[in-house]
Amino acid sequence: MSSQRPTLEDIVALCKRRGFVFQSSEIYGGLNGVYDFGPLGTLIKNNLRNAWSRSIMSPDHIMFFLEGSLLGPEAIWKASGHVDNFHDPMIDCTNCKKRFRADDPDIDITGPCPNCGKKAWTEVRQFNMMFKTQLGAIADSSAVAYLRPETAQAIFINFKNVMSSNRVKIPFGIAQIGKSFRNEITPKQFLFRMREFEQMEMEWFCTPESSNEYFDYWCKKRLAFYKTIGINTDRIRLRAHEKDELSHYSSQTSDVEYEYPFGWKELEGIAHRGDYDLTQHSKHSGKDLSVFDEETQKSFMPNVIESSVGTDRLFLTTLFDAYHIDTLGGEERTVLKLHPSIAPIKAAFLPLVKKLSDNMRKIYADVARLGLHVEFDESGSIGKRYRRQDEIGTPLCFTYDFDSLEDNCVTVRDRDTLKQERINIENVEMYLINMLKHKP
Ligand code: ATP
C-alpha cells in the first residue's frame, strides 16, 4: 500500500465534491475569504469543538465556558490596543491594481509585481483589519462598534462577572468558541486565512508567581491534544517565539505549528499575557479588575495564559493530515484516515444487494437511535460504496449478505487496515462503541 501527501488543490476539490465546504454566496460570484460548511463539514466541526472542549476540562481544575457578543463598542478595542495596533502593512501595484501584504514572505517588494511583472509599487501603508460598523440611526462616535477580531476580549471584560457569579477563586479558566472577523488584506490558502472564522480560545487566570509554571503546563497539554485527535506527531511541533517576535505585553509565547504543504505554519498560539489585558480594561473602564488575596490581605492583578486555535484552520489541518491516496492492488483509493472521534460518519450499513435492504435497515435504525451519525447506503456496487465511505473517513462499514440470513452475522470492514471480520448482529452496537472508545 503506497501513499502520497495531498496538495491544497486536492483538499479543496474533496471539500467541494463531498460538500464539506462551499464558497460563501457562490451563486452570486462568491465572497472572498468567507466559506459555508456543508452537512459533513458541519459534523466534523462539531466533533472538533467537542474534542477541544473536552481537552481543556479536567477534574483537577475549574473551567468555565462563555458566549460573548460579536459586536463590541470602540472602547473595548481602544483598551485592547486593536484600534491603534491591529494593522497589517499593505502595498498596491499601480499597474495591475493588485493588493498585497507587504510582509508576505512570498512577496519581494524590492522586485517587480508577481502578478503583472511591472515594478510600480505604492508606498507601504498600514491597514486596520477590524470591521467597523455603526449601531442605530445616529452617526456619532458613541455609535461606533466593531465586529470582534478575536474572542478573548469578551472573556477579559467578563472576568469579574464570571468570578463573582460563580463564587470561585483563581486559578481558573474561561473558554469560548465563537466567530471572529478580520479584514485580511489577502485571504489565502482556503480555510487557512479567512475573513470570517471561528476561534477556540481559553484564558487561564492565575497568580503572577504560578504563571510560568502554568504556561509550561498549558503548552504540554495543548500539544498533547493533537495526538488525541490523531494528528501525525511528526508534523506537529511547539516553537517558542524569539525575543524580537514577542508582543510587547508577552514574556513568553509558543506556537503549535503544523507542517502544511506550504511549510511549517501556526496552528495555535499559546501566550503568557501577564496582567496586560486586565490592567488595560481596568484603566479604560475605571472598574477595578484586580482580586483580593485573603492570605496576604492584598489586591493583585491576575496573570493570564492564553491558548487560541482557529476551528477552521484545525479543520483544514485534520484534512491535510488524514488525506491519503493509497494504491491497492494497482487501484487508487482516496481515504480520509480521520480519528473516529472526528470522522463525520461513524459507520455505514450496506446491504450487499437491494433485496437485503430491509434486514440491514433494521440494524442501521437500531444504531442510529443511539444518537450516532451513521449512514445507510444501498446504491451502486459494494466496491463503490466502500470508496464513497473511505473518502469521507467512515471508520467502519458493515455489510449484510446472503450468509447473514443463515448465520445472523454481518461483515465489518476496517477503513485503514481493510481487514474484514464476521461478527454477530447482536454485537454490532458494542463493536462500534468500543471502536469509538478505544481507537488510539
Ligand atoms: P497568523 O500569524 O497566522 O495571522 P495570528 O498570530 O494573527 O495568526 P492569532 O491572533 O494568534 O493569529 O489567532 C489565534 C489563532 O486563530 C491562529 O493560531 C489561527 O489558528 C486562527 N486564525 C487567526 N487568523 C485567522 C484567519 N484569518 N483565518 C483562519 N484562522 C485564523
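Student: How far is an oxygen atom of the ligand from an N or O atom in the side chain of Glu266?

Tutor: Keep in mind that this is a predicted model, in which local features need pLDDT of at least 70, side-chain atom pairs count only at pLDDT 80 or more, and totals for chains, interfaces and linings use all residues. Residues are numbered from 1 along each chain as its sequence is written, and side-chain values use heavy atoms, leaving out hydrogens and water. Between the ligand oxygen and the Glu266 side-chain atom, the distance is 2.6 Å.

Student: Which residue has a backbone N or O atom 2.8 Å from an oxygen atom of the ligand?

Tutor: Let's look at the backbone this time. A polar backbone atom of Met194 is 2.9 Å from a nitrogen atom of the ligand. The 2.8 Å distance to a ligand oxygen belongs to a backbone atom of Leu267.

Student: How much of the ligand's area does the protein bury?

Tutor: Start with the ligand taken alone, which exposes 590 Å² (Shrake-Rupley method, 1.4 Å probe). Of that area, the protein buries 80%.

Student: Which element gives the most residues to the shell around the ligand?

Tutor: Strands S12 (196-206), S15 (263-274) and S18 (303-310) each give two or more residues to the shell; strands are DSSP runs of E with at least two residues, helices are runs of H or I with at least four, and both are numbered from the N terminus. With four residues, the top contributor is S15.

Student: How do the residues of the shell divide into nonpolar, polar and charged?

Tutor: There are 16 residues around the ligand, and Glu184, Arg193, Met194, Glu266 and Leu267 come nearest (a residue is near if one of its heavy atoms lies within 4 Å). Asp, Glu, Lys and Arg count as charged, Ala, Val, Leu, Ile, Met, Phe, Trp, Tyr, Cys and Pro as nonpolar, and the others, Gly among them, as polar. The shell divides into six nonpolar, four polar and six charged.

Student: How many bridges join S14 to S15?

Tutor: Strand S14 covers residues 252-260, and seven of its nine residues are buried (under 20% relative accessible area; exposed is over 50%, partly exposed in between, with a 1.4 Å probe and protein chains only). S14 pairs with S13 (residues 236-240) in the antiparallel sense, where pairing needs at least two DSSP bridges. S14 and S15 form a hairpin with two residues between them, and Tyr260 stands opposite Gly263 in S15. These two strands run antiparallel, and the number of bridges joining them is nine.

Student: Which residue in the turn between S19 and S20 has a positive phi?

Tutor: S19 (residues 323-328) and S20 (residues 331-336) run antiparallel, joined by six bridges. Asp326 stands opposite Arg333 in S20. The strands form a hairpin with two residues between them, and the turn residue with a positive phi, about 50 degrees, is Gly329.

Student: Why does Ser290 count as buried?

Tutor: Ser290 is found in the loop between helix H8 (276-285) and strand S16 (291-293). Its side chain makes a polar contact with the side chain of Asp288, at 2.8 Å (a pair of N or O atoms within 3.5 Å; within protein, one must be able to donate a hydrogen and the other to accept it, and sequence neighbours count only if both atoms are side-chain atoms). Ser290 counts as buried because its relative accessibility is 12%.
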